[in-house]
Amino acid sequence: MAWVTKDSTETYNQTPEPPREYTKQENAANWWHYHWMWVVIGVVAVLLAAWIIKDTVFQTRPDVQIAYVGLHDLPADTVTALQDALTPYCTDVNGDGKVVVQVDSYTVDFDAENTSTDAYYQMAGVTRLSAELASGGKTYLFLLEDPEGFEKQTGALQYLDGTVDDDPTTANPDWHEMVYRWTDCPVLAGLDLGDYYGYTAMDSTTGTNQSVLAGLYVGRRGVWDENQVETYASCAELWDALTAGAVSTAAE
């Protein structure tokens, strides 16, 4: 067996090589490799917080909310014209320096025997309307295509004299005494609303906005809770202004 021995004259360099110095670009790439996911999470969190702040602090809140309930949505031009025309009759209820009227559409068919009703839109409309009619809802005025069906299903309207049904859950045959026809309200029928261009976004139908609203009925929400009286006080004044000189359908 042969042994390999180190020559006594041979020397070795025992000094370790200095660590490599990385460039700024290499350091940045290395940091990003290990931390990119946290950066993404942080950005998403910041954007989400900004959206929440904008939605809760800077979003314009309507002073008056009006609900249209019918088989089809109103044309966008009709909604815009109506909101603008009603603004002079309203006040800055929330004190944000602006007077904003908002018309919301609820697509609901109260005819249970109508088999052509779109089930998806029906469910969505009923869900949204039910939520708005809950105790926290802000809507006081209603534009109704089917006031009889609306009252039977919701029991939400009050009589024209300001009284309410003691049992709003029962089918009420006196809905005629709870609403005015749009055309029987001189103020509403006299609004200059202009024309609409395209009943929906998919057609080119034109006509007057008054013709779209002429077949509707106007009603107001019943207030059974005394704590809600103040909430709807300004809307009650709006109701009086818009229905001045109106003729009740019950008198016909």
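Which residues does Leu188 touch, not counting residues up to four places away in sequence? In this structure, which is a predicted model, Leu188 touches Leu86, Trp182, Gln210, Val218 and Leu242, once those neighbours up to four places away are left aside.

Let me go from there to the core. The largest nonpolar core has 33 residues, and Leu188 is one of those that touch the most other members, together with Ile66, Leu82, Leu86, Leu143 and Trp182. At least two residues of this core come from each of the following elements: strand E1 (64–70), helix H2 (76–86), strand E2 (101–107), strand E3 (141–144), helix H6 (209–213) and helix H7. The largest share is that of H2, with 5 residues. There is also a second, separate core, made of 16 residues, and among them are Leu129, Ala156, Trp175 and Met178.

Now to the sheet, which is open and is formed by 5 strands in the order E2-E1-E3-E7-E4, with mixed pairing. E2 and E4 each have a single partner strand and stand at the edges, so one side of each is left without a neighbour in the sheet. From one strand to the next, the twist averages 25 degrees. If we look at the E4 end, E4 and E7 pair in the antiparallel sense over 3 bridges, and Val179 has Gly219 in E7 as its bridge partner.

Two helices can be described together here. Helix H4, residues 147–154, packs on the sheet and touches E1, E3, E4 and E7, with a direction that makes about 130 degrees with that of E3. H7 also packs on the sheet, touching E1, E3, E4 and E7, but the direction of H7 makes about 45 degrees with that of E3.

Staying with H7, which of its residues are buried? They are Cys235, Leu238, Trp239 and Leu242, and because they cover an arc of only 105 degrees around the axis, they lie on the same side of H7. In general, an α-helix has 3.6 residues a turn, so residues three or four places apart point the same way. The cover over the buried residues of H7 includes E1, H2, E3, strand E4 (179–181), helix H5 (186–189) and E7.

Is Gln228 buried or exposed? Its relative accessible area is 15%, and because that is under the 20% cut-off, Gln228 counts as buried. Leaving aside neighbours within four places in sequence, Gln228 is in contact with Ser135 and Val223. Gln228 and Lys138 are 90 residues apart in sequence, while their C-alpha atoms are 9.8 Å apart in space.

Terms used. Residues numbered from 1 in each chain as written. Predicted model: local features only at pLDDT ≥ 70, side-chain atom pairs only at ≥ 80, totals over all residues. Heavy atoms only, no water. Buried < 20%, exposed > 50% of the residue type's maximum accessible area, 1.4 Å probe, protein only. Contact = heavy atoms within 4.5 Å. Core = buried A, V, L, I, M, F, W, Y, C linked by side-chain atoms within 4.5 Å. Helix = DSSP H or I, 4+ residues; strand = E, 2+ residues; numbered from the N terminus. Arc of directions from axis to C-beta. Pairing = 2+ DSSP bridges. Axes fitted to C-alpha atoms, helices over the stretch in contact; angles between N-to-C directions.
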